[in-house]
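Work through the two exercises below with the sequence and the structure in view, and try each task before you read its solution.

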Amino acid sequence: MATQNRRTPQRKSASTRTRNRRNTKSRRRKVLKFPRQLIHWNIGTVTFGIIFIYLMINVFLYMRSDTISTYQVTSDKMQKTITTTGVVLRTEKIITNKTDGYLSYYAPEGSRVAKKEYVYSVDESGEVYDYLSKLSTENNILDEDSYENLKEIISTFNNYYKDDSFYEVYDFKYNLNNAILSVTNDKTMKQLDDALKEAGISDSYSKVSSPKSGLVSYLMDGFETLTPETVTKQTFDQSSYKKEQLKTSNLVEAGSPVYKLITGDTWDIMIPVTTKEAALLKERSTVQVNFLKDDTTLPASVSLIENKDGTYARLHFTDYLIRYMDTRYLNVEVILSSISGLKVPNTALVKRELFRIPVSYLSAGSNSTDYQFTVRTSSSKNHTSVKQIPADLVMKDSKYCYVSTVPKDENSLTKGMILIQNNSKKTFKVSSTKEIQGVYCVNKGYAAFKMVNVLYSNEDYSIVEADTDTNALMIYDYIILNSKTIGENDKIY
């Protein structure tokens, strides 16, 4: 039967199944695995790593901290000044021409003429003008010295000219023309009368003399009638300021200005002042004035004038009128006072609270330059005793001595201590303080506070009193440049 011939599957025995599982595990164990790579450390690598980390930490801390810089105290002086632009006032009179004609000038710019001395001549027909032109063409008027003078004027202008000061071109032209005129006058005017008579053209020619003695100027700017009482803020606006040169070779009509006569020997400079500056000047009758144009210093009497739009100082001079006769605006520095002392940067100044103690509680130590305090102490058993501690004084006057509130060591004065007066039973409890301005001195390697008395300051530096009292700041001391970068008694090295 078919059913009889079919083979009946045999069950695997338990031992066979166990053997098969073992073979499977064995095959799994034969899978190759790469071993982990071991890191080999050596002493050089470790040492370099530690040094690198240390350096990086220090660089980071340095970048985050403020750099401590020092400054050596020097001796210097400062001037308390008012620096401003002033307008120059003089006694000036414009002289006008009485008849139409061509002008020939006798008096050079800046020359002083006497009353009834000839200043210029008028040629009504023009014959004299043509004759002088012909004379200057035929004769070489300029000699070697004259040429050198003109070269110097041109060279000076060329060296100092700037594009933003174009108005100086007109001054240059004016000065050059005046120099040529001066030479021409010296060479020709001495023989002019005789030459004109010989030429037969003297009828239309007349000389004009000065009505008063004074300085001759051929410059007009419209400020000739300005007085101290009429000065306003608008007066100092130079944007629209113009100067007109009166010398001309053209026909001059009657009534036209021909020259300016400056009479007298005194002159003024008017400057605007603030309320604070006016208060300082009110206390003074004279000041020193430095002219920034040529670094010249002159004395001046000073007075205050209240005009409709502000307060002005009038600086009155009795010398050097001719030096600045062609200048209307001058940059000046009014010197109120000159102060000498020790120079310290403003960044070095710091204010500290100091203990204020009567000097009667101060005693001399073993060294005559040392001071001590006698302190009363109490133990837990209510036993009292006394001890001496050094008095590290910041400053001392006739009534009080001042000690830092920041203790330097265990022997420093601290708040609450009981001091005993010399040869007395009186006591004083340390508590009272006073704010004092000073600097941190680092001569001994730590920031020791020293008091200073500021006499004058500007934007960057201060002049402090050169005191010889106890613990005073001295010349050549080293101080912290920026007081915000360190604390009192901090070490710097």
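Two strands count as paired if DSSP finds at least two bridges between them, and the strands themselves are DSSP runs (E, at least two residues), numbered from the N terminus. The model is a predicted one, in which local features need pLDDT of at least 70, and side-chain atom pairs count only at pLDDT 80 or more, while totals for chains, interfaces and linings use all residues. Residues are numbered from 1 along each chain as its sequence is written, and side-chain values use heavy atoms, with hydrogens and water left out.

**Exercise 1.** Find the strands that pair with S26, and say in which sense they pair.

*Solution.* Begin with strand S14, residues 329-345, which pairs with strand S26, residues 461-464, in the antiparallel sense over four bridges. Within this pairing, leucine 342 lies opposite valine 464 of S26. Next take strand S25, residues 454-457, which is joined to S26 by a hairpin of three residues and pairs with S26 over three bridges, again in the antiparallel sense. Here serine 457 has serine 462 in S26 as its bridge partner.
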